[in-house]
Amino acid sequence: MQLVLDGITKSYTKGKKRKNALEDFSLTMTEGVYGLLGPNGAGKSTLINIITGIISRDSGSIAFDDNGNSDFVSHLGFMPQGMDFYRNFTAKDYIKYIMALKKFSTDNDNEYALDILTRVNLRNDADKKIGAFSGGMKQRLGIAQAIVGNPKILIFDEPTAGLDAKERIRFRNVISSLASDKIVILATHIVTDIAYVAKTVVLMNEGKTIKTGTQEQLCSDISGKVWECRVKPDEVMDYMSRMRVSNAVSDGNKYTLRIVSDASPVENAVSVAPNLEDVCIYYFGDM
Amino acid sequence: MRLFKYELKKNILRISVLLLLLALVLVNAYKQYETAKFLGESGIATGVQYKSDLGRPMYEAFKGELSTEKLEEIKSYHEKMGELIHSGDFKPTNESDDRFYSGFAMGDFNESSRTIDRMMYAYTYPNLMIELKERANENIAFYEGRSDYEVRKNRLVAELYIGRKINVYGNYGAFKLYFDYEFSTLVIIVMLIYAFATSFTNEKATGTDRIIRSCHRGKSVYLTKHAVMLLYIFISVVLFTLLDVVRFCSFYDGTFINQPLYAIEEYKYTPFNITILGAIILSTFVKLIALSFVGELVFVISSFTKNAGLAIALSFASAGAVILISERIPSVFSPLSLVNAESWLKDPQFINILGQPVLSFFVQLIFAVVITIALAIICYLKTAYKKKEKRI
């Protein structure tokens, strides 16, 4: 199974100016999680809207192939950014509504809806009104509606916004469990969402692809460009204003700064192994 | 069908909507009573106050098939009551006297006077039509060679009233009240706005619109929403029509619903040669179109905003503005004024279209349909239309 995006371009006219929201985006995806990482306005949502058919593209093509089947629209599960629900629906009602939208039915729709809710740990809340759900429960319901009909392609747009740490971990675990036989596209500006689950990371900024690769590849690309050094507390702000500081930890007397820089920032700086956050800091500065 | 069920649940089957509906039905019932009471007491209603009025026994004795004998009988009775009152040979008392229909000589005198007036209207109606036809013929003669349009219009008028007569004496207060009554339409509009103003808004606010588009079901959802809205309008219009007719008939008399519309004195010049029942059905149908216009207006507003409160406020403001504007522009350009059946049922008003006289009602109806379709198209473009993609 593969989804091939080739030369996708989309531009908007704002006033008299024409702005490229997405420029010549190309990527071939197979089973696994793909993380689209970039600051707000990087073009992630535009790309997702184009793949889902919500907006049209100016140019480029999208091709899907799953053993000769090229119709990816019927194999698409989507959780939009900032998703909310009808408060007077129960979780089960909502899943059945999505089944109706997807023209998907089984011999026992009720049982199917319960099965779907079980997968996101909401079975016991199936008959509760969504109005009474917490943010985390709503997010899980959002995942549940996306997997209705067992789609081959799953797309999540900023899925963990507003979630606490526990719910984020739960979300990542659900995504991992789904990814074995699907293409999962995860767009976010939260690095840790992707760090644990994505097999391929696409760094995007201002509508362009900055870098694509596995986490290891991206990290090795900036190998030797991440440093740690110890500085006095009154020097911290100075370093932060001059350099790309990805972390600052105090041990009481001094601070250990993690700095992303092509050259050693200070004499006593020690080169350390980069992580995905460092990669983001390297390419995007502050996100 | 599954989508229909869920759209119904999203828009109408909500506790707040159902509670508001119940409250408004009760308010409407009170308003019906107040309207009937007010019109009855002030003597505006045609005919007797059927249930409570002292004139009921006399009405019961004379209602039905109209005849010269009946007319003579009531005239003679009226004279008799007049003489009795003049002679002073009756005892004004608070106690009812079995010799009189109402129990009182003065009551019978007044009631018989009103009965004679109403019977005379029915009895002399054909003469009125003959006069009208003669006037139309005179106009034709006058405009011959001066204005082809006026000639055509008067020919139409002359033909319109041919063969009209009223065979029955009855009380039509219930139907006059029904055609005048607008409160139930206001209730339907309030419900329409409350239930549907957030229809598209909620989808945008929840992100469901994006899921719908990703499933390529924008058109289906658009059509389903419209089906639900039209069903709501149909059911509520039919329901409130039945409630209004039955309630007003309970105050007055609904027996003569199959009589011609012009049997109601206020509708003597109606351009429609239909029965009262036919007029009720026609006005119900026309109301469906006028309210569909309101429904589409609400949908368009709903499709332009993400904020539910704003959508409801804008919808109410727009409906109010449409009502205000309706009063200040020619009625043909006012789809909403069609809900007031009295405005187009009572008198024939013609419009000159390419030299041909056309009932302004038909033009107004066509305009309402066109503008409703235009609004539906705007809503479609905003919610369901997807531009063809350019591919390389």
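## A β-α-β unit in chain A

In chain A, strand 6 (residues 153-157), helix 5 (residues 165-178) and strand 7 form a right-handed β-α-β unit. The model described here is predicted.

## Neighbours of strand 7

Strand 7 of chain A pairs with strand 6 of chain A, and the two run parallel, joined by five bridges. Within this pairing, Asp157(A) stands opposite Ala187(A) of strand 7.

Strand 7 of chain A also pairs with strand 3 (residues 32-37) of chain A, in the parallel sense, over six bridges. Here Ala187(A) is the bridge partner of Leu36(A).

## Burial of strand 7

Is strand 7 of chain A buried or exposed? Six of the six residues in this strand (residues 183-188) are buried, so strand 7 is largely enclosed by the rest of the structure.

The side chains can be sorted by direction. Ile183(A), Ile185(A) and Ala187(A) point one way from strand 7 of chain A. Val184(A), Leu186(A) and Thr188(A) point the other way, and the residues of both groups are all buried.

## Nonpolar cores

The largest nonpolar core contains 84 residues, and Ile95(A) and Leu186(A) have the most contacts inside it. Helix 2 (residues 91-101) of chain A gives the most to this core, with eight residues.

Which residues does Ile95(A) touch, leaving aside those up to four places away in sequence? They are Ala113(A), Ile116(A), Leu117(A), Ala144(A), Gln145(A) and Val148(A).

Methods: Residues numbered from 1 in each chain as written. Chains lettered and ligands numbered in written order. Predicted model: local features only at pLDDT ≥ 70, side-chain atom pairs only at ≥ 80, totals over all residues. Core = buried A, V, L, I, M, F, W, Y, C linked by C-beta atoms within 7 Å. Buried ≥ 20, exposed ≤ 12 C-beta atoms within 10 Å, placed from the backbone. Helix = DSSP H or I, 4+ residues; strand = E, 2+ residues; numbered from the N terminus. Contact = placed C-beta atoms within 7 Å. Pairing = 2+ DSSP bridges. Right-handed = clockwise from strand over helix to strand, strands pointing away.
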